[in-house]
Amino acid sequence: MKETPGTTGLIFNEPLLWEKGKTGRTAFSLPRRDVERQPVDKNLKGNGPDFPDLSEVDIVRHYIRLSQWNFSVDSGMYPLGSCTMKYNPKTNERQSALPGFAMAHPLLPKSLSQGVLQLMYELEQYLTEITGMDATTLQPAAGAHGELTGMLLIYAYLKSKGTPRSKILVPDTAHGTNPASASLCGYRSIPVKSNERGVLSPQVVDELMDEDTAGIMVTNPNTLGLFEENIKAVADIVHARGGLVYCDGANMNAVMGIVNMRELGIDVLHLNLHKTFSSPHGGGGPGSGPVCVRKELEPFLPVPRVMTKRGKYELSEDFPDSIGKVHAFYGNVGVMIRAYSYIMSMGPDGLKKASQLAVLNAAYIKDNLKGTFHLPYDRPCMHECVFSDKLQEPYKVTTLDMVKRLMDYGFHPPTIYFPLVVPGAIMIEPTETESKEDIDLFIESMKAIAKEAREHPEMLHAAPRHTRRRRLDETAAARKPCLSG
Ligand SMILES: Cc1ncc(COP(=O)(O)O)c(C=O)c1O
């Protein structure tokens, strides 16, 4: 099937602003001069900056066109599994841009920073309550940074008891950053194989957990989108051998207000505010990976910590066992403000409902695409579901071909080839913010792509067809990025 080029309704031939400029065009009009003309200071020599002359409409159309070539959660569904790319209510942006917050400097005296300190203090309390843990630090700047902080806390705690130990158990369904964070802290990761149900088996943990193992790092819900149903039994085994349980809570969007992590036996947990608590993310923008801990680990939390004294908020460094600072100043405050605003506007019932809807939406997709795509773990899922390209293998169509084609249908591709336990994985996380109509459209599109795979595989090999850039050499794009054209 051939399509005429340029049938996307978008203009792709957009020159640089310098090429667009024409002498004499302008995007401003100044009021008539009512003072005497003055010569320019003769010490100011040389030409002015090389800026093009442009009209207002030239500039506006240029940037709007560029934005149309890109995909965003504001323009469509972004079902990137393990990333929780949900729509972020604009009110949270507005609150973080309030001049009192946006203009606050971290070196301001505490007497002039009471508002932001109060917000941080209360956000710590809310996150502690939502997770069921005992204390929280907001300092880490991302999920992986939270993991490293958590590992440092475990190291410091175990060292205070005698020895920090040298190994850590990491299940094959953990997020890829987990073993990296453990290594950065000096721990050797010991892989743990999940069972045929896609979750941890207590017997396997029992065999591996020895006196030199600091504990286990579990992602729950795990990267198959499954709840670790044996987590309590696993935690009991780890604790009985003197270890600690770390939970990667970046998938908290599935269980807010539903699961008490402390009661599951978790000692240390990180959250991704930029995933669960409404900050735009992707593209390397600022994040926030708070770490919540059980009481016994609180003395080791990073400093400074926000405290209250006689109704005033202050920062205290007076924690002799602290692991120290993990971020300049106090962390990424703009992300914290958005999270605070999100939590306040949702309330406890709203957060719980969001998780219930996130799970319902993923389950709906799983049930509707089952049979069209191979479902390796046919079990109730949490916030995401994982398919594979096994049923498309006979047509020589791969996961990559199909998700590239999905871009032509107006959707961002899901996460692919992850988790590694599923060859050719397609990991779909719709989130709670999608309507049934949009999810149905996604399902229809995926089914249409499966039909194309059977009938016109060549079409998928050539996808995407309607984007500014066609299929990229992704390795070259990562290794030798060309950022100018
Ligand atoms: C389960 C899980 N853990 C950890 C991370 C790492 O978070 P970050 O990218 O903020 O470092 C992610 C990121 O997507 C994740 O999905």
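The model is predicted, so local features need pLDDT of at least 70 and side-chain atom pairs count only at pLDDT 80 or more, while totals for chains, interfaces and linings use all residues. Residues are numbered from 1 along each chain as its sequence is written, and side-chain values use heavy atoms, with hydrogens and water left out.

**View 1. The open sheet.**
Seven strands, in the order β1-β7-β6-β5-β4-β2-β3, make up an open sheet with mixed pairing. Strands (E, at least two residues) and helices (H or I, at least four residues) are DSSP runs, numbered from the N terminus. Two strands pair if DSSP finds at least two bridges between them. The edges are β1 (135-137) and β3 (188-192); each has a single partner strand, so one side of each has no neighbour in the sheet. On average, neighbouring strands of this sheet are turned by 25° against each other, direction ignored.

**View 2. Strands β4 and β5, with helices on the sheet.**
Five bridges join strand β4 (residues 213-219) to strand β5 (residues 244-248) in the parallel sense. Opposite Tyr246 in β5 stands Met217. Helix α7 (residues 177-184) packs on the sheet and touches β2 (167-171), β3, β4 and β5. The direction of α7 makes about 150° with that of β4. Helix α5 (residues 114-131) lies across β1, β6 (268-270) and β7 (291-293), and runs at about 125° to β1. Angles run from 0 to 180 degrees between N-to-C directions, and axes are lines fitted to C-alpha atoms, for helices over the stretch in contact. Contact means heavy atoms within 4.5 Å.

**View 3. Ala180 in helix α7.**
Helix α7 contains Ala180. This residue is partly exposed, at a relative accessible area of 46%. Buried means under 20% relative accessible area, exposed over 50%, and partly exposed in between (1.4 Å probe, protein chains only). Between the C-alpha atoms of Ala180 and Ala144 the separation is 8.5 Å, and the two residues are 36 residues apart along the chain.

**View 4. The largest nonpolar core.**
The largest nonpolar core has 50 residues. Such a core is a set of buried Ala, Val, Leu, Ile, Met, Phe, Trp, Tyr and Cys residues joined through side-chain atoms within 4.5 Å. The residues with the most contacts inside the core are Leu123, Val205, Ile216, Met261, Ile266 and Phe277. At least two core residues come from each of α5, β3, β4, α9 (231-240), β5 and α11 (333-369). Helix α11 gives the most, with ten residues. In soluble globular proteins, nonpolar side chains tend to be buried together. Leaving aside neighbours within four places in sequence, Ile266 is in contact with Met133, Ile231, Val245, Cys247, Met261 and Arg294.

**View 5. The surroundings of the ligand.**
The ligand is surrounded by 14 residues, the closest being Ser82, Gly143, Asp248, His274 and Lys275. A polar backbone atom of Gly143 is 2.8 Å from an oxygen atom of the ligand. For Lys275, an N or O atom in the side chain is 2.7 Å from an oxygen atom of the ligand. For Asn272, a polar side-chain atom lies 3.1 Å from an oxygen atom of the ligand. Ser82 has a positive phi of about 65° although it is not a glycine. Ser82 lies in the loop between α2 (56-69) and α3 (90-96), and counts as buried at 7% relative accessibility.

**View 6. Helix α12.**
Eight of the ten residues of helix α12 (residues 399-408) are buried, which leaves the helix mostly covered. Among the buried residues are Met402, Val403 and Leu406, as well as Asp401 and Arg405. The buried residues of α12 pack against β11 (415-416), β12 (425-428), α13 (436-455), α14 (457-461) and α15 (474-479). Just after α12, Gly410 takes a positive phi of about 90°.

Asn220 and Pro221 are joined by a cis peptide bond, with omega about -5°. Pro221 is placed in the loop between β4 and α9. Phe418 to Pro419 is also a cis peptide bond, with omega near 0°, and Pro419 lies in the loop between β11 and β12. Tyr417, a residue other than glycine, has a positive phi near 55°. Tyr417 counts as partly exposed, at 36% relative accessibility.

Definitions and conventions: Near = heavy atom within 4 Å. Polar contact = N/O pair within 3.5 Å; in protein donor to acceptor, adjacent residues only side chain to side chain.
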